[in-house]
Amino acid sequence: MSCAPASSSQDRPRGALWLCLLLVLPICVSASITSPGTNPGIKAWLTQRTLEFGRRFGLELLQSTLQKEHEMNLTGSYNTPLLGTLTYAVPRIHIHELQMNESTLDFAEGVGVRLMVQRARIQLSADWAAQLGAVQDSGSVELRMQDLAMAAVLGVSEDGSGRPTVWSAGCDTHGTDLHMEFHRGYSWLYNLLAPLLQRTLRQQLNKQLCLVLNRGVDRLDAVLKHMKVSTQLDNFAAIDHSLLGPPAFTEESGDIALKGEIFRVGTYQQRPSALPVALPVALPMALPVALPTPLPRTPPMAHEPTLLLAVTEFLANSAAFTYFTAGALRRNFSSNTLPRQFPLQLRTKSMEVFSPELQERYPDRPMELHLWARQQPLLSCQPDALHGSLFSSAEAFVVLPNATRVPAFLLNIDANVTGKPTITRNRLGGTVRLTGLRVTQVASNVGPVEVKRLETLLKFGLWLFGVPRANKWLQAGIPLPLPHGLSLLRPRISLQQGFVLIATDLQYEP
């Protein structure tokens with residue numbers, strides 16, 4: 001049997017990988033059948049280590065947001081005892097340096113994440129215009145604020161279309177040590193007045209930093225509104241990775257549920273719940289400190305992983321349904337497509353031992369075998385292995401000299417397989433093993449077929465050629481769709497009763 005879809009020879013290896021990977025990624029969950037829309041195909045837990053990993057990227061994003069020119073339109077006035085009222089205007093500022101010496105990133109329960117920065121230092125310059133009585137003046141000013149503290153809360157939710165949405169849920173900055181130096185114009189005078197202006201400018205600067213940060217969050221939210229919520233896998237299938245709802249945040253973790261449904265390219269035919277496949281129940285909301293119910297041979301976790309990712313049976317069975325309904329689980333074989341060493345050749349002379357009448361009626365003629373899935377593969381999981389049941393039909397044809405194909409017999413070929421997934425760096429692979437094969441005759445135009453002898457020979461051929469070829473594809477694996485520069489570090493994969501759990505650290509190399 002073959003897992004490859006009927007497509008061009010150029011596309012076949014990639015399709016074979018995706019279809020055979022169904023046997024090593026059928027993440028199963030026990031059992032009550034509920035609405036598919038309420039159960040995630042993929043679920044991720046964010047840990048404190050996730051935040052620690054993301055903290056420096058968040059700081060880089062914050063610095064890139066702030067270290068540029070910003071429109072301020074800052075105006076104000078100050079009444080001096082002897083000189084009168086000084087009015088000033090600062091149309092824009094340019095932040096040259098932002099050093100964040102101490103920072104922490106934590107979960108904000110029910111909201112998102114919270115960034116705390118202390119002992120930061122900021123240096124900026126600005127153009128200004130001022131009027132003191134009848135005298136108008138303009139120039140530039142350099143400001144340095146040390147001992148700057150900032151607290152910002154980023155809210156994270158879902159916008160109703162499966163995309164994340166973010167907003168500024170709170171911001172406060174506080175700096176006490178402000179130094180300023182005016183240049184050009186009557187700068188000598190303003191430098192004398194600088195101590196009097198510090199309090200007002202310090203309050204305005206604290207306020208403006210939060211406004212600048214809020215505008216950066218708004219720009220990020222605008223980008224997220226155009227984020228893709230599905231990705232095409234091959235010519236047949238795409239995966240819906242939209243959010244099922246708002247992420248859930250506690251003080252210790254973040255919980256993200258993705259739909260994780262594979263659907264047919266060009267259509268969206270939801271998998272019917274009447275199929276004999278158990279839909280997943282909800283995964284536990286609480287973040288486990290260690291892997292849940294680890295197998296005895298699973299190595300203990302030395303530390304909390306950066307990311308925990310669970311993939312449920314819903315994803316694997318939606319893939320099986322999609323490829324089945326798309327007609328991708330079919331393959332035609334001829335005498336020149338089988339390996340020469342394969343114990344069964346597609347010629348009537350070779351098939352004589354199973355059907356003597358076939359050779360009598362069509363002496364030494366080439367044959368074709370058309371193989372297809374007659375129903376959706378069934379995928380399940382146990383802690384010991386992943387299990388798959390394949391249900392196929394095979395029709396044999398005799399090819400006449402005029403290229404006419406004459407139907408000879410129709411068989412049902414059902415197989416049981418087990419598999420184990422593997423993950424190496426950024427590639428997902430695995431291995432499969434044939435555990436059972438059953439051949440039954442459905443119809444025949446050339447007399448009875450010795451199905452038991454044929455079954456024995458097919459088992460031997462699959463054991464010798466089919467399974468090793470599938471494992472060669474699977475061991476090469478497929479690349480995981482990760483952002484550029486991001487890699488999995490020391491990934492570990494474990495089979496659980498209900499799902500496959502991937503625990504990994506992350507590494508980023510620009």
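## Helix α4 and the glycine after it

Just after helix α4, Gly327 takes a positive phi of about 75°, where α4 covers residues 313–325; helices (H or I, at least four residues) and strands (E, at least two) are DSSP runs, numbered from the N terminus. The model is a predicted one, in which local features need pLDDT of at least 70 and side-chain atom pairs count only at pLDDT 80 or more, while totals for chains, interfaces and linings use all residues. Residues are numbered from 1 along each chain as its sequence is written, and side-chain values use heavy atoms, with hydrogens and water left out.

The 13 residues of α4 reach 18 Å from the first C-alpha to the last, close to the 18 Å expected at 1.5 Å a residue, the expected span being 1.5 Å times one less than the number of residues. This helix is mostly covered, with eleven of its 13 residues buried, where buried means under 20% relative accessible area, exposed over 50%, and partly exposed in between (1.4 Å probe, protein chains only). Among the buried residues of α4 are Phe314, Leu315, Phe321 and Tyr323, and also Glu313 and Asn317.

## Helix α6 and its kink

Helix α6 (residues 451–476) has 26 residues, which should span 38 Å at 1.5 Å a residue, and its end C-alpha atoms are 35 Å apart, which agrees. A kink of about 45° is centred on Leu462 in α6, the bend at a residue being the angle between axes fitted to the seven residues ending there and the seven starting there. Leu462 is itself one of the buried residues of α6, which also include Gly461, Leu458, Val467 and Asn471. The helix is followed by Gly477, whose phi is positive, near 75°.

## Nonpolar cores

The largest nonpolar core has 49 residues, and Ile122, Met180 and Phe182 are those with the most contacts inside it; such a core is a set of buried Ala, Val, Leu, Ile, Met, Phe, Trp, Tyr and Cys residues joined through side-chain atoms within 4.5 Å. Two or more residues come from each of β1 (42–46), α2 (48–66), β3 (84–108), β4 (112–132), β5 (135–158), β6 (164–183) and α3 (187–224), and α3 gives the largest share, eleven residues. Beyond its neighbours within four places in sequence, Ile122 is in contact (heavy atoms within 4.5 Å) with Ile95, Glu97, Leu98, Leu143, Arg144, Met145, Leu148 and Leu209.

Apart from this core lies another, of 28 residues, among them Met367, Ala394, Ala396 and Val451. In soluble globular proteins, nonpolar side chains tend to be buried together.

Glu368 lies in strand β14 (residues 367–373) and is buried, with a relative accessible area of 14%. Its side chain makes a polar contact of 2.8 Å with the side chain of Arg405; a polar contact is a pair of N or O atoms within 3.5 Å, where within protein one must be able to donate a hydrogen and the other to accept it, and residues adjacent in sequence count only if both atoms are side-chain atoms. Not counting residues up to four places away in sequence, Glu368 touches Phe333, Ser334, Glu395, Ala396, Phe397, Val399 and Arg405.

## Strand pairing

An open sheet of six strands, paired antiparallel, has the order β9-β10-β1-β12-β21-β20, two strands being paired if DSSP finds at least two bridges between them. Because β9 (248–249) and β20 (486–495) stand at the edges with a single partner strand each, one side of each is left without a neighbour in the sheet. Within this order, β1 and strand β12 (residues 307–311) run antiparallel and are joined by five bridges, with Leu46 opposite Leu307.

Strand β8 (residues 237–240) is buried throughout, Ala237 and Ile239 pointing one way and Ala238 and Asp240 the other. Strands β7 and β8 form a hairpin with four residues between them, joined by three antiparallel bridges, and Thr231 has Ile239 as its bridge partner. With strand β11 (residues 261–264), β8 pairs in the antiparallel sense over four bridges, where Ala237 stands opposite Arg264.

Most residues other than glycine have a negative phi, and most peptide bonds are trans. Ala403, in the loop between β16 (386–399) and β17 (405–424), has a positive phi near 75° and counts as partly exposed at 45% relative accessibility. Arg490, placed in strand β20, has a positive phi of about 50° although it is not a glycine, and at 49% relative accessibility Arg490 counts as partly exposed.
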